[in-house]
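These are my notes from going through one model, entry by entry.

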Amino acid sequence: MANILEDEQMKVPEMLPMLPVRDTVIFPYMILPLFVGRESSIKAVDEALAKDRMIFLATQKVSTDDNPTPDSIYSVGTAAMVMKMLKLPDGRVKILVQGLAKGTIREYIQEKPLFVVRIQRIIEPPVGESSLETEALIRSVKEQSEKVLSLKGILSPDVLAILDQIEEPGRLADLVASNLKLKIEEAQKILETFHPLQRLKKVNEFLSKEVQVSTMQAKIQSQAREEMSKTQREYFLREQLKAIKAELGEIDEKAQEVSELREKIKKAKMPPEVEKEANKQLTRLEQMHPESAEATIVRTYLDWLVELPWAVSTEDNLDIKKAKQVLDEDHYDLEKVKERILEYLGVRKLKEKMKGPILCFVGPPGVGKTSLGKSIARALGRKFTRISLGGIRDEAEVRGHRRTYIGSLPGRIIQGIKTAGSNNPVFMLDEIDKVGTDFRGDPSAALLEALDPEQNFAFSDHYLNVPFDLSKVMFITTANILDPIPPALKDRMEVINLAGYTSEEKLKIAKQFLLPRQLEENGITKESLSLSDEALLRIISQYTKEAGVRNLEREIASVCRKVARKLAEEEKGPFQVTGLNLHKYLGPPKHLPEEELEVNEIGVATGLAWTSVGGEILHVEATTMKGKGNLTLTGHLGDVMKESAQAALSYARSKAKELDLDPEFYEKLDVHVHVPAGAIPKDGPSAGVTMATSLISALTRIPVRKDIAMTGEITLRGRVLPIGGVKEKTLAALRAGIKNVILPYQNQKDLDEIPPYIRRRVDYIFVKDMDEILKKALVPEKAQPKKEGTEREPGEKKGRTESVPLSLPV
């Protein structure tokens, strides 16, 4: 086989079986293995082996074509010798062929079951005597071939020896072309170039291009290696790709990113000073290496700037009637809050540019403060966003971190504005009374700027470091109590108190909102379950103890779940829940309300107290015994209540003569004052009159009326000072069945906060000092309790009438 090509004019048959070849062009003198899988191709190999082992190899124009036709096969190919053949287990055949001579297909004699073609051998024209140009061309091809092999790291002495031995231009061209990774079209053009010198020139052109590509590849690899550190080896391929794109002049990712950011800055319509800062940072980013840490910080900062709604606002719904309808749909009662929102809309309708109000809803848990914010946003047609301030101790949570810190972000306010997507949302700051303070700063002080209408038009976040206009935002804060809120912060907000609901109000809320919602959430129809008013009222009074309706909804949900289980177990409905069978669904009552005393008792007075879950009644008990004038106070009392008891005793001692007491009684008697439910902490000044009444009743042995509840702060001279929580305390008295309530004279103004239907059910007795209370509350032992409908004594008033003065006396 080694001498197959020694004779240039060796005879090649005119008719040969043809093998269409994919993805490669066969040149003379080329030896390579081929895998043959098509049935027609295998038959062509068998035909060649059966005769003289000669076969014609032509390349397909489309490599994916499994059934090529004469039109899809190049007409110029190479006659080759099948040197070896190996049959593979999968049915394919592996052959080793060597190109002999070029040929052109003149005719397809047979196409099935195999190709048989008539060819004409191509005799190349002679080169003639070697000229300087030919010598230079041959030498250039050899040198460039060596350079390519060297750059690719595959240069060996054997290859050099082969190149040095070949002096024929045509054979050198074919040898080099067969080893270059050329496209099929390019390789076929070289094969079809019959003149040796012209063919060598084309090969030289391709070699020059390959040298440039190989040189650039080596340069790219060198640059990538220099830029990489031990921790950056995984970026090797990415760096190569970047260098390739840069050299080819393709799209520069960095330039594209800068262009996109510049376009976003224009579209954001920032204020002039903000846009100036954004362009300044964008210029810095252009000059930075894209992989540097500083570039990441600047890029994130610019993303925040362009995504904030500098000029994006929602249009307010100025239809006051429609807004009122939306507020009434979502919440029952809460007239004061609704009125304030409608007032804002009225002013907004008359004046287009106005500052957003800053409201503070104060009330016990579950009265609807947070949901009211959502309802206001819906009524105004604005976006709603909410953040919880509970437990925040770091000032940076509000005003943001400075960009010098790793992982820094804007504060919660700017984050909320971005989330809302407009610069005039309804922004709710929940639990503002639970903001903490520590060494990292005072968040409540940071809120001063945001919640001050005179300052928040240029709110400065530490991260952004540019002003943002918050004056269009409607801020709504919520709190359970006002005491923990710093005075400076409280002064910036318009406080609206949301007291607890009465049983009647809770009943209407349950029927209108809570029960339909729970029926829907538990997949129950109205026909399958009915809750009577009696059952709902019993849930309100005996299964919940709250000012709001959160636990009430939980208990209703519990009833719905039990009914849902019965329906799932295919029990037949409908199910009716009444006051009589309620215990089957919720178990025994959890809270038994304080009942009215059965008889008038000595030393026992009924007081009224305010708690975070509404009003409560307190039975203050006092008793005397022989002793040395000691005062004992029990019932887990706070310091203020203890001081009220001391003041009450001092008042009794000062009034000993008027009360017909032994002037020196305090030296012979010990007094014990106790407030039941001793495990519950109690404090506040409003129990002063109750303690004094109980103590004087115990000293004078005169019973206290069981149908009277009282509240008020006492002084040493017996004056009764005003207190708070009148509505809650009134509701507590009604729940206990007490309809006579003693209030300080200066609390008459607070009756406006109480709904008329509640005022009509209560007899309010307004007093200025303890003497008036004792006249109303203490009755002789043999006196009968006053029956309802009898004539009231002077100074005692029924409900809220025009005769009650609304202003305080001068």
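**Entry 1. Disulfides.** I took a disulfide to be a pair of cysteine sulfur atoms within 2.5 Å. By that rule I count 0 disulfides. The model is a predicted one.

**Entry 2. Overall make-up.** I noted 27 helices and 25 strands in the secondary structure of the protein. Of the 810 residues, 46% are buried. I then turned to contacts between residues at least 6 apart in sequence: 74% of these join residues at least 24 apart.

**Entry 3. H9 and H10.** A pair of packed helices is described by the angle between their axes and the distance between the axes. For helix H9 (residues 272-287) and helix H10 (residues 293-307) I have an angle of about 150° and axes 10 Å apart. An angle over 145 degrees counts as roughly antiparallel, and H9 and H10 are therefore roughly antiparallel to each other. The crossing of H9 with H10 is left-handed. From H9, the residues in the contact are Val274, Glu277, Ala278, Gln281, Leu282, Arg284 and Leu285. From H10, they are Glu294, Ala295, Val298, Arg299, Tyr301, Leu302 and Leu305. Sorted by class, the contact of H9 with H10 holds 9 nonpolar, 1 polar and 4 charged residues.

**Entry 4. Aspartate 316.** I followed the chain past H10 to aspartate 316, in the loop between H10 and helix H11 (320-330). Is aspartate 316 buried or exposed? Its relative accessibility is 9%, so aspartate 316 counts as buried. Beyond its neighbours within four places in sequence, I find aspartate 316 in contact with Tyr344, Arg348, Leu380, Arg382 and Asn424. One of these partners is arginine 348. Aspartate 316 and arginine 348 are 32 residues apart in sequence, and their C-alpha atoms are 8.8 Å apart in space.

**Entry 5. H24 and H27.** Helix H24 (residues 688-700) and helix H27 (residues 770-777) have axes that come within 11 Å and cross at roughly 60°. H24 crosses H27 in a right-handed sense. On the H24 side, Val689, Ala692, Thr693 and Ile696 take part in the contact. Their partners on the H27 side are Met770, Ile773, Leu774 and Ala777. I sorted the contact of H24 with H27 into 7 nonpolar residues, 1 polar and no charged.

**Entry 6. Valine 704.** Where does valine 704 lie? I place valine 704 in the loop between H24 and strand E20 (708-710). At 1% relative accessibility, valine 704 is buried. Setting aside neighbours within four places in sequence, I list Asn600, Glu601, Val604, Ala605, Thr693, Ser697, Ala777 and Leu778 as the contacts of valine 704. The C-alpha atoms of valine 704 and serine 694 are separated by 7.5 Å, at 10 residues apart along the chain.

**Entry 7. Serine 644.** Serine 644 sits in helix H22 (residues 639-654). With a relative accessibility of 8%, serine 644 is buried. Not counting residues up to four places away in sequence, serine 644 touches Gly684, Pro685, Gly688, Met691 and Ile714.

**Entry 8. Backbone checks.** I looked for positive phi in residues other than glycine. Arginine 53 has phi near 65° and lies in the loop between helix H1 (39-50) and strand E3 (54-59). Arginine 53 is at 29% relative accessibility and so counts as partly exposed. Aspartate 660 has a positive phi of about 60° and is in the loop between H22 and helix H23 (665-668). At 72% relative accessibility, aspartate 660 counts as exposed. I also noted a cis peptide bond from lysine 112 to proline 113, with omega near 0°. Proline 113 is in the loop between strand E5 (93-110) and strand E6 (115-121).

Methods: Residues numbered from 1 in each chain as written. Predicted model: local features only at pLDDT ≥ 70, side-chain atom pairs only at ≥ 80, totals over all residues. Heavy atoms only, no water. Axes fitted to C-alpha atoms, helices over the stretch in contact; angles between N-to-C directions. Helix = DSSP H or I, 4+ residues; strand = E, 2+ residues; numbered from the N terminus. Left-handed = near helix turned anticlockwise from the far one by under 90°. Contact = heavy atoms within 4.5 Å. Nonpolar A, V, L, I, M, F, W, Y, C, P; charged D, E, K, R; others polar. Buried < 20%, exposed > 50% of the residue type's maximum accessible area, 1.4 Å probe, protein only. Parallel < 35°, antiparallel > 145°, perpendicular 65-115°, else oblique.
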